[in-house]
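Student: I would like to go through a model by its disulfides and its sheet. Please show it.

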Amino acid sequence: MSAAVLITGGLAVATQSAAFATPTTAAPAASASTVHTRPLCSEPSKPGSMACQAVVRTDLKVQKSLGRHDTPKGFGPADLQAAYNLPKDGGKGATVAIVDANDDPNAEKDLAAYRSQYGLPECSTSNGCFKKIDQEGGTNYPAPDQGWAGEISLDVDMVSAACPQCHILLVEARSAGMDDLGAAVNQAVKQGAKYVSNSYGGNEEAADTSADDKYFKHPGVAITVSSGDSGYGTEYPAASQYVTAVGGTSLKKDSSTRGWSESVWGTSAGGEGAGSGCSQFDTKPSWQKDTGCTKRSVADVAAVADPATGLAVYDTYQAGGWNVYGGTSASAPFVAGVYALAGNPGAGDTPASYPYAHPDKLNDVTDGANGSCSDYQCKAGKGYDGPTGLGTPNGTAAFTK
């Protein structure tokens with residue numbers, strides 16, 4: 001389907017992604033089993049080490065530049081705002097922090113290109129909207145890394161798509177170790193951010209409960225974490241009792257009343273897909289009522305993550321330009337932006353509890369699986385399930401007290 005475009009400042013602004021068009025007017029979007037991807041970050045090599053949760057489509061040619069009437073492949077802000085019933089003008093002045101490892105030297109200029117392409121307000125250091133710091137709060141940035149730079153591009157673009165009026169604070173940890181990333185989380189909160197996104201994960205360990213209290217116990221701050229990209233199985237820090245664990249879906253435009261449909265990102269055969277399951281170590285928070293897991297269940301909510309129905313991202317640090325990215329690294333920053341649209345959390349609250357008080361304000365995802373198990377921990381169904389939690393955003397009502 002040809003995308004309708006608006007020319008602003010010489011750039012084409014997409015109002016409907018050409019990559020995943022309505023099935024009645026073009027071939028359906030590729031399924032998860034027919035696209036080729038690779039993870040942006042390597043697997044953790046030692047205990048306490050984390051990997052980013054982003055994947056890139058390798059079967060699509062990188063768009064290094066766009067013609068006057070071209071649009072990037074993948075969903076853009078207008079698509080996501082429509083799919084999740086989000087306001088275009090909320091969140092003014094709110095700061096969403098992005099915590100990642102290593103440096104993206106091109107983060108600010110790549111963000112500018114993304115926002116210009118889609119007609120979003122400028123977000124730069126000069127106008128006070130964008131700020132990049134190291135984990136100590138200064139400008140002694142860590143070494144750059146291609147994979148984490150792609151992750152950073154995905155994160156800042158997804159916050160922009162959800163909350164165009166939000167300020168963005170990028171906190172770069174010196175390494176992918178939990179202690180450095182955790183220090184960056186604490187720095188983000190110290191800087192005043194009420195919304196902190198974390199798009200990384202690693203194997204659960206007995207020491208996680210200690211890390212919970214050191215890094216993620218921040219009352220009054222909405223902390224989102226990717227649930228994982230390897231299908232059924234639980235990762236940390238998504239398993240922390242203090243965070244909102246964000247799972248992933250496949251998102252398609254259709255002829256329903258909503259205009260969109262979603263299913264679990266993944267297959268019953270396992271492999272690539274949203275993470276879910278029962279924590280080995282973390283205590284179950286009081287607001288979780290599912291009975292199949294006596295400890296913390298993952299996830300809480302979800303949003304689009306399937307690279308087969310992926311997101312347009314602009315990334316030039318050894319990545320060439322416009323790519324299509326996916327992974328729960330997309331859904332976690334997006335949901336952080338939704339929390340920001342919903343307004344400041346209560347000072348003593350753990351905002352992860354909010355969706356459990358308003359499950360009827362979410363889009364319940366009832367189809368699909370992310371692996372082979374006997375119950376809701378890997379299979380979607382009515383109400384709560386592991387891969388998509390309580391569902392996906394339908395406006396902002398589920399993300400406030």
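Student: What is the handedness of the disulfide of cysteine 278 and cysteine 293?

Tutor: This is a predicted model, where local features need pLDDT of at least 70, side-chain atom pairs count only at pLDDT 80 or more, and totals for chains, interfaces and linings use all residues. Residues are numbered from 1 along each chain as its sequence is written, and side-chain values use heavy atoms, with hydrogens and water left out. A disulfide is a pair of cysteine sulfur atoms within 2.5 Å. The torsion about this S-S bond is about 80°, so the disulfide is right-handed.

Student: Which parts does the pair of cysteine 278 and cysteine 293 tie together?

Tutor: The S to S distance is 2.0 Å. Strands are DSSP runs (E, at least two residues), numbered from the N terminus. Cysteine 293 sits in the loop between S16 and S17, and cysteine 278 in strand S16.

Student: Is cysteine 293 buried or exposed?

Tutor: Buried means under 20% relative accessible area, exposed over 50%, partly exposed in between (1.4 Å probe, protein chains only). Cysteine 278, at 28%, counts as partly exposed. Cysteine 293, at 2%, counts as buried.

Student: In which sense do S12 and S16 pair?

Tutor: Serine 230 stands opposite glycine 273 in S16. S12 and S16 are joined over two bridges, and the sense is parallel.

Note on methods. Pairing = 2+ DSSP bridges. Helix = DSSP H or I, 4+ residues; strand = E, 2+ residues; numbered from the N terminus.
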